[in-house]
Amino acid sequence: MIPGPIEFDPDVMAAMSSPTTSHVAPNFIEIYGQALEKTRKAFLADGQGEWGQPFILAGSGTLAMDSAAANLVEPGDKVLQVVTGYFSDRMQTIFERYGAHVSRVEAAPGDRPELDQVETFLKNGFKIMAVTHVDTSTGVLTDIKALAALSRKYNALLVIDGVCSVAGESLRMSDWGVDLAFTSSQKAIGCPPGLALLVVGPRAMEAFKGRKSPVQNYYADWKNWLPVMQAYEDRKPSYFATPAVNLVHALNTSLSQILAEGMDDRFERHAQIGRASRAAMIALGLGQVPIKVEFAANTLSAPLYPEGVDGPSLLSAVGKQGVILAGGLHPAIKSEYFRIGHMGACTQGDLLAVYGALEIALKQLGYHPPSSGVAAIIANW
Ligand code: PMP
């Protein structure tokens, strides 16, 4: 129950062990083509016309970040980074690697910048505004719909790190006008680690095509990948670098499951799990890293350790009951909190098991919760 890699559905694992064919074998061309089409749907990037170019690349989420920055940034470009945690910092580092001048609009860990603060910055003119939809280090959710409206108003491209959100939190790329969103396979997409998924909207593609300088990254250059993605969607063979054949099989299966559930139902299921988890934390008397309920993510929870309870001992006592949770990640508050991932195939039963184990472990360590987290989940379902 860590925030990625998550647990994977048995059908996804079975697809992973399909025979490894050539990347230009007819069966694989069909699978890759389907996976691209389904990626566009899962990002809700299927607006009118040629909306939303998907890319499926072999690599982790950091490759997706790298690919977004390498292809959109030219030296000297101005980027506004909305900072809500560790992964926003990483994104800034990557933009700077490609020569961008990055301004930060930030808040303390657990908080997020107000929209009017962001607007004040945007008035200075930026080519790109980058936002982490859910920062996995803090569990803070940003308001992408409102930020997209601001980015349109000030003519900045909006780049979303959706690694901990896509297919879990509501994200409607074409409706909201998000210019680029990316994720990786191992989180709410529900496929083992190893794939970077990006969807590029028309404005971002236009900016890419209008570049004056070459992309400073060979593997991630969209010029190499665009013909390949277009060919597979047209069910034609193509090659730039060997795709991760088995992972694409697994992805195609997990995307089918996601679309069969339906994006709205899937967002609501995650919202339900998020609400139940927050109710359980309150019942147990645990504080949370996100300082307001409106911006607590539904894909993971970030409870604070209660006073007097040693963090590593708690995680170990929970682990002894077969439940694996993650420690803190944000350097400024790392030892004060832990993280519970609840995205993708996570069920009500999983959440009950987590809070049951947590409640027992807390009692073993001498902390007696004011009420039962398990009972709160049942009451809030
Ligand atoms: N962004 C966010 C929000 C993440 O949670 C992660 C991974 N936890 C990354 C980027 C980087 O992804 P990866 O570890 O797959 O490179």
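The side chain of Ser 277 makes a polar contact with the side chain of Tyr 355, at 2.7 Å, where a polar contact is a pair of N or O atoms within 3.5 Å, and within protein one must be able to donate a hydrogen and the other to accept it, while residues adjacent in sequence count only if both atoms are side-chain atoms. The model is a predicted one, in which local features need pLDDT of at least 70 and side-chain atom pairs count only at pLDDT 80 or more, whereas totals for chains, interfaces and linings use all residues. Residues are numbered from 1 along each chain as its sequence is written, and side-chain values use heavy atoms, with hydrogens and water left out.

Ser 277 is found in helix 11, residues 263-283 (helices are DSSP runs of H or I with at least four residues, numbered from the N terminus). Because its relative accessibility is 0%, Ser 277 counts as buried (buried means under 20% relative accessible area, exposed over 50% and partly exposed in between, with a 1.4 Å probe and protein chains only). Not counting residues up to four places away in sequence, Ser 277 touches Ser 301, His 342, Leu 351 and Tyr 355, contact meaning heavy atoms within 4.5 Å.

Asp 350 is found in helix 13, and with 29% relative accessibility Asp 350 counts as partly exposed. A polar atom of its side chain lies 2.9 Å from the backbone nitrogen of Thr 347. If neighbours within four places in sequence are left aside, Asp 350 is in contact with Met 1 and Ala 345.

Helix 13 (residues 348-364) also packs against helix 12 (residues 311-319), at an angle of about 130 degrees and with the axes 9 Å apart; axes are lines fitted to C-alpha atoms, for helices over the stretch in contact, and angles run from 0 to 180 degrees between N-to-C directions. That angle makes helix 12 oblique to helix 13 (under 35 degrees counts as roughly parallel, over 145 as roughly antiparallel, 65 to 115 as roughly perpendicular and the rest as oblique). The contact is made by Leu 314, Ala 317 and Val 318 of helix 12, together with Ala 357, Leu 358, Ala 361, Leu 362 and Gln 364 of helix 13.

A second pair is formed by helix 2 (residues 26-42) and helix 10 (residues 245-261), which pack at about 45 degrees with their axes 9 Å apart, and this makes helix 2 oblique to helix 10. Among the residues that meet are Phe 28 and Ile 31 in helix 2 and Val 248 and Leu 251 in helix 10.

Terms used:
Helices (H or I, at least four residues) and strands (E, at least two) are DSSP runs, numbered from the N terminus.
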